[in-house]
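Here is a short report on a protein model and its ligand. Look over the sequence and structure, then read on.

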Amino acid sequence: MNRQHVITTAQFFDRAVLERLFRLASEMERQVKAHRVERRLQGYVMAALFYEPSTRTRFSFEAAMHRLGGSVISSEAAGQFSSALKGESLEDSIRVTGGYADLIVLRHPEVGSAERAAAVSSVPIINAGDGGGEHPTQALLDVFTIQQELGRIDGLKLALVGDLRHSRSMHSLLFLLGLYDIELLLVAPKQLQLTETYRRYLKANKVRYSCAESLEALDKSLDIVYMNRIQKERFDDPGEYERLKDYLTFRLKNLDQLKPAARVMDPLPRVGKIDLAVDQDPRAAYFRQAQNGLYLRMALLAEILPA
Ligand code: NCD
């Protein structure tokens, strides 16, 4: 992955690349836990350019870079605190930032923004979320988490639950899951079901899937239930968000529908979509998943920036 951009998970068509990345992420986990992280990115600078809010993605990228011995420059509300407010284009901000940093992690509200940035950038761009488009590093850490939790991905059945229309995490996850022999249950209110583009991808990759509209469809055949909140910021009509926002909430009774070895995941924030009582159950994997973001992003930075 030497100096490559990471824009979409569709660029990962080789399972060997993922396996290598996951092995390195496990090695990073081992090193972090032993407080013996090799400072292999000393002398490198990472820019975090965030035009949309973030907790996990920005902090875990920044922590990853710091732990590997590199440095970070960061704009956490780039729309307000960078020259974007004066009217500078994304392209110009990228051209200039690329002169100061060796890699740019970009989050931006417009679909396609990461691709636009990559087209003019002299340094690798990592897409940390382009509007309702994609969030490839989230999906990488999600698949890494499934591998860590259940030891395999082939043969699993997953329920993807929530705002399948707007969730960039779901979109990126679908492209990766298409590389494996899996089965999907897509749970969403009709208006928020997966769009045709992604359904076509599933069909082209012979991924078996069925659709449902409520959590009653969850059952003991499932290995993973992957939740994601209704994406408020992607609705043109706030009234429609209000009508749909409480449609799917995962509660203790939903855990009873699952087998003991299943896992519940969520890229977070949960914003009410998973009842707090669920946290106590060992099947709740979402905080471990967030923790894995650090290890996976360390591995990714180390793969992209040559030692
Ligand atoms: C996701 C995002 O920003 O797309 N959050 C994250 O990076 N963990 C998911 C979400 O906000 O729902």
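Which polar backbone atom is 3.1 Å from a nitrogen atom of the ligand? It belongs to Leu268. Keep in mind that this is a predicted model.

## Contacts with the ligand

Gln138 places a polar side-chain atom 3.2 Å from a nitrogen atom of the ligand. In the side chain of Asn228, an N or O atom is 3.0 Å from an oxygen atom of the ligand. Taken alone, the ligand exposes 320 Å². The protein buries 95% of that.

## The shell around the ligand

The ligand takes up the space of the largest pocket. Helices α2 (56-67) and α7 (168-177) are the elements that give two or more residues to the shell around the ligand.

In total, 13 residues surround the ligand. The closest are Thr57, His135, Arg168, Arg229 and Pro267. By class, six residues of the shell are polar, four are charged and three are nonpolar.

## The cavity

The count comes to one cavity of 30 Å³ or more. The largest cavity holds about 50 Å³ of space. Its lining includes Arg56, Gln138, Asp266, Pro267 and Tyr286.

Which element gives the largest share of the lining of the largest cavity? That is α11, with five residues. By class, the lining of the largest cavity has four nonpolar, three polar and three charged residues.

Technical notes: Residues are numbered from 1 along each chain as its sequence is written. This is a predicted model: local features need pLDDT of at least 70, side-chain atom pairs count only at pLDDT 80 or more; totals for chains, interfaces and linings use all residues. Side-chain values use heavy atoms; hydrogens and water are left out. A residue is near a molecule or strand if one of its heavy atoms lies within 4 Å of it. A polar contact is a pair of N or O atoms within 3.5 Å; within protein, one must be able to donate a hydrogen and the other to accept it, and residues adjacent in sequence count only if both atoms are side-chain atoms. Accessible areas come from the Shrake-Rupley method with a 1.4 Å probe; for residues, only the protein chains shown count as cover. On a 1 Å grid over the protein atoms alone, a cavity is a set of points where a 1.4 Å probe fits but cannot get out, and a pocket is an open set with protein on both sides within 12 Å along at least five of seven lines; lining residues have an atom within 4 Å of a point. A molecule sits in a cavity or pocket if more than half of its atoms lie within 2 Å of its grid points. Helices (H or I, at least four residues) and strands (E, at least two) are DSSP runs, numbered from the N terminus. Ala, Val, Leu, Ile, Met, Phe, Trp, Tyr, Cys and Pro count as nonpolar, Asp, Glu, Lys and Arg as charged, and the others, Gly among them, as polar. Grid points are joined across faces, edges and corners, and a volume is the space filled by probe spheres set on the points.
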